[in-house]
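Try each task on your own before reading its solution.

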Amino acid sequence: MTRWRITVEYDGTPFVGFQRQTNGPSVQAALGKQERFGFNINFHSILMEVSGNGLLYLSALPVFSVLQTNLARGELTEKWNRDVSKQHGEITDAIDSGDADAAAALMESHLAFIRPSYERIWRHAVKPDRG
């Protein structure tokens with residue numbers, strides 16, 4: 001019988017340490033960014049799904065896939081992430097209170113806020129084929 005041994009090694013060279021650091025990127029910050037991004041994508045997916053607009057939901061899935069791959073590696077700041085999380089909370093609160101007008105206005109403002117960052121990341125991720 002053949003025996004195999006698999007060794008998994010951690011290459012920490014891109015990081016200055018595990019815990020959050022002021023002098024460079026840390027493993028903890030990278031993991032937090034990934035987790036936060038997953039939450040933010042789920043927020044939008046859930047809203048589109050419950051909107052009843054199946055076409056919107058299906059057409060956005062490929063966009064989210066590209067964004068998820070590239071946002072995780074992006075240079076979004078902690079402040080940007082905090083602002084987005086706060087906006088998601090405000091939108092959720094408006095929906096929970098039944099205030100559709102406030103929810104719509106908050107979502108419109110939120111989309112205007114994230115659009116420039118997403119467009120920059122999208123342009124970087126999708127390069128035209130120059131044949």
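The exercises below go from the overall fold to the core, the aromatic rings and the salt bridges.

**Before you start**

This is a predicted model, in which local features need pLDDT of at least 70, side-chain atom pairs count only at pLDDT 80 or more, and totals for chains, interfaces and linings use all residues. Residues are numbered from 1 along each chain as its sequence is written, and side-chain values use heavy atoms, with hydrogens and water left out.

**Exercise 1. Find how many helices and strands the protein chain has, and which element has the highest mean pLDDT.**

Step 1: Apply the rule for elements: helices (H or I, at least four residues) and strands (E, at least two) are DSSP runs, numbered from the N terminus. The protein chain has four helices and zero strands, in the order α-α-α-α from the N terminus on.

Step 2: Look at pLDDT, the predictor's confidence in each residue, from 0 to 100. The mean for the protein chain is 76, and 65% of its residues reach 70 or more. Among the elements, α3 has the highest mean (86) and α1 the lowest (70).

**Exercise 2. Work out what share of the residues is buried, and which residues make up the largest nonpolar core.**

Step 1: Sort residues by relative accessible area: buried means under 20%, exposed over 50%, and partly exposed in between (1.4 Å probe, protein chains only). Of the 131 residues in the protein chain, 26% count as buried.

Step 2: Join up the nonpolar ones. A nonpolar core is a set of buried Ala, Val, Leu, Ile, Met, Phe, Trp, Tyr and Cys residues joined through side-chain atoms within 4.5 Å. The largest such core has 11 residues: Ile-41, Met-48, Ala-60, Phe-64, Leu-67, Leu-76, Trp-80, Val-84, Ile-114, Tyr-118 and Ile-121. Two or more of these residues come from each of α1 (27-50), α2 (54-71), α3 and α4.

Step 3: Pick one core member, Met-48, and list its contacts (heavy atoms within 4.5 Å). Leaving aside neighbours within four places in sequence, Met-48 touches Asn-53, Leu-56, Tyr-57, Ala-60 and Phe-64.

Step 4: Take the whole chain. Among contacts between residues at least 6 apart in sequence, 56% join residues at least 24 apart.

**Exercise 3. Find the aromatic pairs and say how many there are.**

Step 1: A pair of aromatic rings is described by the distance of the centres and the angle of the planes. Here, rings of Phe, Tyr and Trp (its six-membered ring) pair if their centres lie within 6.5 Å; planes under 30 degrees apart count as stacked, over 60 as edge-to-face and the rest as tilted. This rule gives two aromatic pairs.

Step 2: Trp-80 is buried at 11% relative accessible area, while Phe-113 is partly exposed at 29%.

Step 3: Trp-80 also pairs with Tyr-118, at 6.3 Å and 35 degrees, which is tilted. Because Trp-80 lies in helix α3 and Tyr-118 in helix α4, this pair ties together parts 38 residues apart in sequence. Tyr-118 is buried at 14%.

**Exercise 4. List the salt bridges and say where in the helices the partners lie.**

Step 1: Side chains of opposite charge can pair when their charged atoms come close. The cut-off is a side-chain nitrogen of Lys or Arg within 4 Å of a carboxyl oxygen of Asp or Glu. Searching the whole structure gives three salt bridges.

Step 2: Lys-79 meets Asp-83 at 2.9 Å, N to O. These residues are separated by about one helical turn because they are four residues apart in helix α3. Asp-83 is partly exposed at 22%.

Step 3: Lys-86 meets Glu-90, again with 2.9 Å from N to O. This pair, too, is four residues apart in helix α3, about one helical turn. Lys-86 is exposed at 55%, whereas Glu-90 is partly exposed at 31%.

Step 4: Arg-115 bridges to Glu-119, with the closest N and O atoms 2.6 Å apart. Both lie in helix α4, four residues or about one turn apart. Arg-115 is exposed at 53%, and Glu-119 is partly exposed at 33%.
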